[in-house]
Amino acid sequence: ERMRITSGGNVNIGGEYTQTTYPFQLTGSGSGDAAAMAIKNLGSHPAKLHLMSGHGNWSISNSTTIADALEFRDEGGNGTRMYIDNSGNAIFNHRVGINFANPGARFVVSQNANQLEPMRIRDANNTNAVTHYISFRKADSEKGSIKGDSGSTSFNTSSDYRLKQNVTSISDGITRIKQLLPK
């Protein structure tokens, strides 16, 4: 048996039918490139999978507007909602919100930090070498960074006299230093 359509309207292709609540069941076996399902259009338009419900219609397809991209579209009139380009970048309305519906920035992670770390940067390198965790840049020039090694983390900033404002000389430097209470 390769395909079964039950009297209740459930469809099972490719495997032993199991009683399930899914109206469509596709089963594959094998390894490597043994796909359970392939959608292919030999015509001039990309293959498309439509996901329809009473709440809205979505389609997943190879994008016609973004070269070699997998596109997720809201067919209810809102157009492209997310795409993954051919280099693996995922773009969601040009903003990414993790646990946050309408990010006001390009990337937002929202999480109760008492329950789970909102974000973790893990260096898989086990040497004592200093590595970059985060680099802050203006165009291609690094202006600051967060770096670390096996025992410490350093927060590095650049200090440029050309960026300073209201620079004035002080006449009572020693008096001010004497007011400090170093510990």
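The questions and answers below concern strands, hairpins and selected residues in a predicted model.

Reader: What is the strand order of the open sheet of 3 strands?
Author: The pairing in this open sheet is mixed. Its edge strands are strand 1 (3–5) and strand 3 (24–26), each of which pairs on one side only. Neighbouring strands are turned against each other by 5° on average, direction ignored. The strand order is 1-2-3.

Reader: Which residue in strand 3 stands opposite Ile-13?
Author: Strand 2 covers residues 11–13 and runs parallel to strand 3, with 3 bridges joining the two. The residue opposite Ile-13 in strand 3 is Leu-26.

Reader: Is Thr-131 buried or exposed?
Author: Thr-131 lies in strand 11, which spans residues 131–138. Leaving aside neighbours within four places in sequence, its contacts are Asp-123, Asn-125, Ile-146, Lys-147 and Gly-148. The cut-off for buried is under 20% relative accessible area. Because the relative accessible area of Thr-131 is 15%, Thr-131 is buried.

Reader: Which residue in strand 12 stands opposite Arg-137?
Author: Strand 11 and strand 12 pair in the antiparallel sense, over 7 bridges. Their hairpin has 2 residues between the strands. Opposite Arg-137, the residue in strand 12 is Glu-142.

Reader: What is the phi of Ala-139 near?
Author: Most residues other than glycine have a negative phi. Ala-139, in the loop between strand 11 and strand 12 (141–148), has a positive value instead. In the hairpin of these two strands, the phi of Ala-139 is near 55°.

Reader: Does Ala-139 count as buried or exposed?
Author: Ala-139 is placed in the loop between strand 11 and strand 12. The cut-off for exposed is over 50% relative accessible area. Since its relative accessibility is 71%, Ala-139 counts as exposed.

Reader: Which residue in strand 13 is the bridge partner of Gly-144?
Author: Strand 12 and strand 13 pair in the antiparallel sense, over 5 bridges. The two strands form a hairpin with 4 residues between them. The bridge partner of Gly-144 in strand 13 is Thr-157.

Reader: What is the relative accessibility of Asn-166?
Author: Asn-166 sits in the loop between strand 13 (153–157) and helix 1 (173–179). Although not a glycine, Asn-166 has a positive phi of about 55°. Asn-166 counts as exposed, because its relative accessibility is 74%.

Terms used: Residues numbered from 1 in each chain as written. Predicted model: local features only at pLDDT ≥ 70, side-chain atom pairs only at ≥ 80, totals over all residues. Heavy atoms only, no water. Pairing = 2+ DSSP bridges. Axes fitted to C-alpha atoms, helices over the stretch in contact; angles between N-to-C directions. Buried < 20%, exposed > 50% of the residue type's maximum accessible area, 1.4 Å probe, protein only. Contact = heavy atoms within 4.5 Å.
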